[in-house]
Amino acid sequence: MIPCAVVGVGQTHHRSKRRDVSFGGLVREAVFRALDDARMTMADIDAVVLGKAPDLFEGVMKPELYLSDALGAVGKPMFRVHTAGSVGGTTGLVAASHVRAGKHRTVLAVAFEKQSEGNAQFALGSGRGASLGAGGSFAPFVRAYIHRSGAPEHIGWTVAVKDRLNALKNPYAHLKIADISIDKVRDSPMMWDPIRYLESCPSSDGACAVVITDEEGGRAAAADGRPPAWILGMSSRSEAGGFPGRDPVRPQACLQCAQDVYQEAGITNPREQIDTAELYVPFSWHEPLWLEAHHLADEGAGWQLVDKGQTELGGSFPINPSGGVLSTNPIGASGLLRFAEAANQVRGAAGEHQVDGARVALGMAYGAQSQYFSMWIVANSLQPFG
């Protein structure tokens, strides 16, 4: 299997509603930033993998066909990926798979959503016009986690404040609340008990792109003073939405995906060997929940890491230093953003939200009703544990 690395990352501007640009313009903004970062042009790209949430979100069928023209990728292989909210992460995995298999040397992964031109609530209801919304689906899972773990109510408020403070350091974050505070989150309206308004993600327009290349390309970037993010492990898993005994608080697909990616990356003690993680946290309570499901905390103890401040940017195990999904949520791109931000951490390219000394990072995405999972582990060397 051919080693591969991320050598370029691009995101869209921080404005949350991009009505001033077309689909093509939105995606081009991220793509050409990634190409500039990689010091490449589209001529260097062998194939494009594009991901987004279902076409219902904007009502445009097969947008990848139109976007091949907009990106200057006519004649290149163009692959479309869709795995619900995890699609951005899965897009990165599919792109890396083409490089690892030796099919292509350099692949562009791009994911986007333009929700200002669609109706997310309608789309979440599968086009039937009636839906609880994502929060309504996940609120029972959050309530179950609180009941099992005994977590106090302020944990959700704490995560929300932490991520929104991190977002103030990220020029690409779509939602910034300068006067965020525990009181402000606590006093915000209850949306889906126990999830409050400011414990919820926004709905935004945006795109993300990463350039993934083979070992030769990664080493060439490093020699040029542009440290790559080496992909040590990657995995995806899925499970049916409803079967007897299914536990959406600790989904088997999540547990197995984490175990698989750790094994491939050579990680035996994830809490000690991973320096930071970008976890898919659209509602603040998902942070302690995913800490446990990723074996980063003991069962029932994820909230304690939050309570002790260990997941803050200056803590012992920073989670979502970019501000995460709570601050930037173009649904189809949100997973790739987690992967890209993890890559930037180990590249030392995260700017003001850089985690000091980050060598190994986890990127994670999930979608549907905790059914689809995708993860990768990236590092600043091919043998970080050697």
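1. Let's start with V325, which is buried in this predicted model. Its relative accessible area is 0%, and the cut-off for buried is under 20%, so V325 clearly belongs in that class. You will find V325 in the loop between helix 12 (302-307) and helix 13 (331-347). Leaving out residues up to four places away in sequence, V325 touches C201, P202, Y280, V281, P282, S334 and R338.

2. Next, the nonpolar cores. Which residues have the most contacts inside the largest one? They are I212, W290 and I377, in a core of 83 residues. W290 is worth a look on screen: beyond its neighbours within four places in sequence, W290 is in contact with P251, C254, L279, Y280, V281, M364, Y366, S370 and F373. Another core lies apart from the largest one and has 26 residues, including M40, I45, F112 and A221.

3. Now a helix pair. How do helix 5 and helix 11 lie relative to each other, roughly parallel or roughly perpendicular? The axes of helix 5 (residues 133-149) and helix 11 (residues 286-293) come within 10 Å and cross at roughly 70°. That angle falls in the 65 to 115 degree range, so the two helices count as roughly perpendicular. The crossing is left-handed. Helix 5 brings F138, F141 and Y145 to the contact, while helix 11 brings H286, P288, L289 and E292. Sorted by class, the contact of helix 5 with helix 11 has 5 nonpolar, 1 polar and 1 charged residues.

4. Some backbone details deserve a friendly flag. Most residues other than glycine have a negative phi, and most peptide bonds are trans. Here, the peptide bond from D193 to P194 is cis, with omega near 10°. P194 sits in the loop between strand 5 (190-192) and strand 6 (195-196).

5. K62 is not a glycine, yet its phi is positive, near 50°. S370 also is not a glycine and has a positive phi, of about 55°. Where do they lie? K62 is in the loop between strand 2 (47-51) and helix 2 (63-70), and S370 is in the loop between strand 10 (360-367) and strand 11 (372-379). Are they buried or exposed? K62 counts as exposed because its relative accessibility is 51%, whereas S370 counts as buried because its value is 1%. S370 is also one of the residues in contact with W290.

6. Finally, R105. This residue lies in the loop between helix 3 (87-100) and strand 4 (106-114). With 38% relative accessibility, R105 counts as partly exposed. Setting aside residues up to four places away in sequence, R105 touches D46, V99, I212, T213, D214, E216 and G217. I212 in that list is one of the residues with the most contacts inside the largest nonpolar core. The C-alpha atoms of R105 and E215 are separated by 9.1 Å, although the two residues are 110 residues apart along the chain.

Conventions:
Residues numbered from 1 in each chain as written. Predicted model: local features only at pLDDT ≥ 70, side-chain atom pairs only at ≥ 80, totals over all residues. Heavy atoms only, no water. Core = buried A, V, L, I, M, F, W, Y, C linked by side-chain atoms within 4.5 Å. Buried < 20%, exposed > 50% of the residue type's maximum accessible area, 1.4 Å probe, protein only. Contact = heavy atoms within 4.5 Å. Axes fitted to C-alpha atoms, helices over the stretch in contact; angles between N-to-C directions. Helix = DSSP H or I, 4+ residues; strand = E, 2+ residues; numbered from the N terminus. Parallel < 35°, antiparallel > 145°, perpendicular 65-115°, else oblique. Left-handed = near helix turned anticlockwise from the far one by under 90°. Nonpolar A, V, L, I, M, F, W, Y, C, P; charged D, E, K, R; others polar.
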